[in-house]
Amino acid sequence: MVDGDHRRPLLASYENAAAIVSAIDPGQLGCPTPCPKYDVAALIDHLVEAGYRAAALGRGQPPPPGDASPHVELSDAPSRLRRAATEAAAAWAGDLALSARLTMPWGEEYTGTPLVDMYLVELATHAWDLAQATGQLDRLERSLALPALDGARAMIKPEYRNMVEPGAPFGPEVPPPPDADDWERLAAFMGREPRIPARGRS
């Protein structure tokens, strides 16, 4: 792979997310998550949708505008994520996918490399959100946190923070604890308080 190519971590992030989702108890679906727009159930829907959007981008298909995500049953979500991973692996297999240019619904044009970063960050951060909300931080794959943090630093410009409304599409960076691990540093960069559990976690 070429320098800055995060396709392998992107594909691994699907399995990481599937492992987290597969261990969620149905009684936790209404719990809040560190991502303020979503409870656990809604964030699962969003995560699965993001997985398929990432695969579509590799095929040269920009995602539709908006942030609507169809509902996914908890029992189906892990297999849906793994199916999206298979599609993404095929879509991003050739290096031409990294140089292709796509215009996103908000009007900015990107090549494939920052789009891979964008969805690596999306899948990894929301896997952390779900792990934090449901008591599964020990299930996070350690090797994914640093590539996701590198990707976040590469693609999130300061002006993106609070651009739409407070916290959207990204909140202000939070200072990480001095002894923070890579997952906590990613969460803090993405505007989460890495050591404050989501309320209502069971």
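This is a predicted model: local features need pLDDT of at least 70, side-chain atom pairs count only at pLDDT 80 or more; totals for chains, interfaces and linings use all residues.
Residues are numbered from 1 along each chain as its sequence is written. Local features need pLDDT of at least 70 and side-chain atom pairs pLDDT 80 or more, while totals for chains, interfaces and linings use all residues, and side-chain values use heavy atoms, with hydrogens and water left out.

Trainee: How many salt bridges does the count come to?

Mentor: A salt bridge is taken as a side-chain nitrogen of Lys or Arg within 4 Å of a carboxyl oxygen of Asp or Glu. By this rule, the count is 10.

Trainee: Which residues are linked with Asp 5 in a network of salt bridges?

Mentor: The side chains of Asp 5 and Arg 7 form a salt bridge at 2.6 Å, N to O. Asp 5 and Arg 7 are both buried, where buried means under 20% relative accessible area, exposed over 50% and partly exposed in between, with a 1.4 Å probe and protein chains only. The network links Asp 5 with Arg 7 and Asp 95.

Trainee: In which helix do Arg 185 and Asp 182 both lie?

Mentor: The side chains of Arg 185 and Asp 182 meet in a salt bridge of 2.4 Å, N to O. Arg 185 is partly exposed at 26% relative accessibility, and Asp 182 is partly exposed at 25%. Helices (H or I, at least four residues) and strands (E, at least two) are DSSP runs, numbered from the N terminus. The two residues are 3 apart, about one turn of the helix, and both lie in α7 (residues 182-189).

Trainee: Why does the pair of Glu 184 and Arg 195 tie together parts of the chain, and how many residues apart are they in sequence?

Mentor: The side chains of Glu 184 and Arg 195 meet in a salt bridge of 2.8 Å, N to O. Glu 184 is buried at 13% relative accessibility, whereas Arg 195 is partly exposed at 43%. Because Glu 184 lies in helix α7 and Arg 195 in the segment after α7, the pair ties together parts whose separation in sequence is 11 residues.

Trainee: How many of the residues of α7 are buried?

Mentor: The buried residues of α7 are Trp 183, Glu 184, Leu 186, Ala 187, Ala 188 and Phe 189. What covers them includes α1, α5 and α6 (142-155). Helix α7 is mostly covered, and the number of buried residues is 6 of its 8.

Trainee: Is α2 roughly parallel or antiparallel to α5?

Mentor: Axes are lines fitted to C-alpha atoms, for helices over the stretch in contact, and angles run from 0 to 180 degrees between N-to-C directions. Helix α2 (residues 40-58) and helix α5 (residues 112-134) pack at about 160°, with axes 10 Å apart. Angles under 35 degrees count as roughly parallel, over 145 as roughly antiparallel, 65 to 115 as roughly perpendicular and the rest as oblique. Helix α2 is therefore, relative to α5, roughly antiparallel.

Trainee: How many nonpolar, polar and charged residues does the contact of α2 with α5 have?

Mentor: Contact means heavy atoms within 4.5 Å. Residues of α2 including Leu 43, Leu 47 and Arg 53 meet residues of α5 including Tyr 119, Leu 123 and Asp 129. Ala, Val, Leu, Ile, Met, Phe, Trp, Tyr, Cys and Pro count as nonpolar, Asp, Glu, Lys and Arg as charged, and the others, Gly among them, as polar. By class, the contact of α2 with α5 has 12 nonpolar, 4 polar and 3 charged residues.

Trainee: What is the handedness of the crossing of α1 and α5?

Mentor: Helix α1 (residues 7-22) packs on α5 at an angle of about 20°, with the axes 9 Å apart. This makes α1 roughly parallel to α5. A crossing is left-handed if the near helix is turned anticlockwise from the far one by less than a right angle, and right-handed if clockwise. The crossing of α1 and α5 is left-handed.

Trainee: Which residues is Glu 49 in contact with, leaving aside its neighbours within four places in sequence?

Mentor: Glu 49 is found in helix α2. Glu 49 counts as buried because its relative accessible area is 19%. Apart from neighbours within four places in sequence, its contacts are Ala 68, Ser 69 and Pro 70.

Trainee: How far apart in space are Thr 111 and Arg 101, C-alpha to C-alpha?

Mentor: Thr 111 is in strand β2 (residues 109-111). Not counting residues up to four places away in sequence, Thr 111 touches Leu 98, Ser 99, Ala 100 and Arg 101. Thr 111 and Arg 101 are 10 residues apart in sequence, and their C-alpha to C-alpha distance is 4.4 Å.
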